[in-house]
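Please read the points below alongside the sequence and the coordinates, as they are meant for someone meeting this structure for the first time.

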Amino acid sequence: MEECRVKAAFLLEFATGRYGDLQSEDIDALLWSFLPVEALEAAVKASEGGAA
């Protein structure tokens with residue numbers, strides 16, 4: 001849970017703070033970082049239109 005808290009704090013600062021808006025690839029990377037390693041490859045393939 002600590003890792004999730006840190007990521008959420010970063011997102012709050014990055015998206016609303018001095019850095020402006022997140023780009024779509026930034027959002028993808030952030031969301032994918034919450035997935036277990038085993039699920040990451042399937043998620044990337046699915047997002048690229050490939051079969052999982």
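1. In this note a residue is called exposed when its relative accessible area is over 50%, buried when that area is under 20%, and partly exposed in between. The model is a predicted one, and the remarks that follow should be read with that in mind.

2. By that cut-off Glu-41 is exposed, because its relative accessible area is 52%. The side chain of Glu-41 meets that of Lys-45 in a salt bridge, with 3.2 Å from N to O. Lys-45, for its part, counts as partly exposed at 39% relative accessibility. Both residues belong to helix H3, which covers residues 37-47, and they sit four residues apart, about one turn of the helix.

3. Which residue does Arg-5 meet in a salt bridge? The partner is Glu-2, and the N to O distance between the two side chains is 2.8 Å. Arg-5 and Glu-2 are three residues apart in helix H1 (residues 2-16), so about one helical turn separates them. Arg-5 counts as partly exposed, with 46% relative accessibility, and Glu-2 is likewise partly exposed, at 49%.

4. A separate point concerns nonpolar surface, where Ile-27, Leu-31 and Phe-34 make a patch of about 260 Å².

Key:
Residues are numbered from 1 along each chain as its sequence is written. This is a predicted model: local features need pLDDT of at least 70, side-chain atom pairs count only at pLDDT 80 or more; totals for chains, interfaces and linings use all residues. Side-chain values use heavy atoms; hydrogens and water are left out. Patches are made of residues with over 30% relative accessible area and no salt bridge: like charges are joined within 9 Å, nonpolar side chains (Val, Leu, Ile, Met, Phe, Trp, Tyr) within 5 Å. Accessible areas come from the Shrake-Rupley method with a 1.4 Å probe; for residues, only the protein chains shown count as cover. A salt bridge is a side-chain nitrogen of Lys or Arg within 4 Å of a carboxyl oxygen of Asp or Glu. Helices (H or I, at least four residues) and strands (E, at least two) are DSSP runs, numbered from the N terminus. Buried means under 20% relative accessible area, exposed over 50%, partly exposed in between (1.4 Å probe, protein chains only).
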